Amino acid sequence: MGDLTIGCHLSSSKGYEKMARTAVGIGANTFQFFTRNPRGGKAKDIDPADVDAFRAYAADHGIVRILAHAPYTLNAAASDERVRGFALQTFADDLERMEATPHQMYNFHPGSHVKQGSEVGIVKIAAALNEVLAPDQTTTVLLETMAGKGTEVGRTFEEIAAIIERVDLDGHLGVCMDTCHVWDAGYDIVGDLDGVLDEFDRIVGLGRLRAVHLNDSKNPRGSRKDRHEKIGEGFIGFDALAAVISHPALRDLPFYLETPNNLPGYADEIARLRAARA
């Protein structure tokens, strides 16, 4: 089995090479970044020279996999067609831009049905994916498991599976499991991690799982609130998260910290998790 692949969310304002250097500086060997302002808007032009420098630096420092994150305002399930149109335009633009760094991953929150009902939301999200996915793309699009606050779609494994089942080019799809989100959604990853993963495998398939957002939670299980906490300072706890990164079904996946931290805090979490890896 391979070494632990772990990183955190970094600012993309200074480009790919800068993110890679920052990641290495805190002991990481991967990283996550927003494709544009997390609230939406025009993306910064990609600099080919920066991409070339990133590729060279990544090759020299063992960075193989990176994860882009869609803006939070992307809602393919929206009832407002202007909002949904923005989501489709942004999604398509982001996937085109992702080909500058081929064979990477693009994560998105499936969306909120806004009182239309989850079934309508699922159909709209799948329709959006059918519109933006291309047969020749190299990027794997990840649906993130959600906590279930408000009218979020993706709180249950069944909802994630229902989206995937409706997508024609489903070979381009995977799942990112967020530990805070699944905990807040009601899945007991502290007391029954094996059972949760068995359930995921039965409903979605562990082969779909491509990344993990590693976060503690400020709230008890089933709260449906989605408030991340630093590793070991929340209701999930350090030991349970150490078990996640060591589990045979998960340990070869890349892990991304989204805890409320600064760079020294991330460096400390990464070092403690590396030391705890079984």
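In the predicted model, the second largest pocket holds about 370 Å³ of space. Its lining comprises 22 residues, of which Ser12, Phe34, Thr35, Lys44 and Arg97 are the closest to the centre of the pocket. Several elements of secondary structure contribute to this lining: helix α1 (16–25), strand β2 (32–34) and helix α3 (81–98) each provide at least two residues. The largest share belongs to α3, with three residues. Sorted by class, the lining of the second largest pocket contains nine charged, eight nonpolar and five polar residues.

The largest pocket has a volume of about 470 Å³. It is lined by 22 residues, and those nearest its centre are His69, Tyr72, His109, Lys149 and Asp226. In this lining, 10 residues are polar, seven are charged and five are nonpolar.

One cavity of 30 Å³ or more was counted in the model. The space within the largest cavity amounts to about 30 Å³. By class, the lining of the largest cavity consists of seven nonpolar residues and one polar residue, with no charged residue.

Helix α5 spans residues 157–165 and helix α7 spans residues 193–203; their axes come within 9 Å and cross at roughly 25°. Because angles under 35 degrees count as roughly parallel, α5 and α7 are therefore assigned to that category. The crossing in which α5 passes α7 is right-handed. On the α5 side, the contact is made by Phe157, Glu158 and Ala161, while α7 contributes Val196, Glu199, Phe200 and Ile203. Five of the residues in this contact are nonpolar and two are charged, whereas none is polar.

Note on methods:
Residues are numbered from 1 along each chain as its sequence is written. This is a predicted model: local features need pLDDT of at least 70, side-chain atom pairs count only at pLDDT 80 or more; totals for chains, interfaces and linings use all residues. Side-chain values use heavy atoms; hydrogens and water are left out. On a 1 Å grid over the protein atoms alone, a cavity is a set of points where a 1.4 Å probe fits but cannot get out, and a pocket is an open set with protein on both sides within 12 Å along at least five of seven lines; lining residues have an atom within 4 Å of a point. Grid points are joined across faces, edges and corners, and a volume is the space filled by probe spheres set on the points. Ala, Val, Leu, Ile, Met, Phe, Trp, Tyr, Cys and Pro count as nonpolar, Asp, Glu, Lys and Arg as charged, and the others, Gly among them, as polar. Helices (H or I, at least four residues) and strands (E, at least two) are DSSP runs, numbered from the N terminus. Axes are lines fitted to C-alpha atoms, for helices over the stretch in contact, and angles run from 0 to 180 degrees between N-to-C directions. Angles under 35 degrees count as roughly parallel, over 145 as roughly antiparallel, 65 to 115 as roughly perpendicular and the rest as oblique. A crossing is left-handed if the near helix is turned anticlockwise from the far one by less than a right angle, and right-handed if clockwise. Contact means heavy atoms within 4.5 Å.
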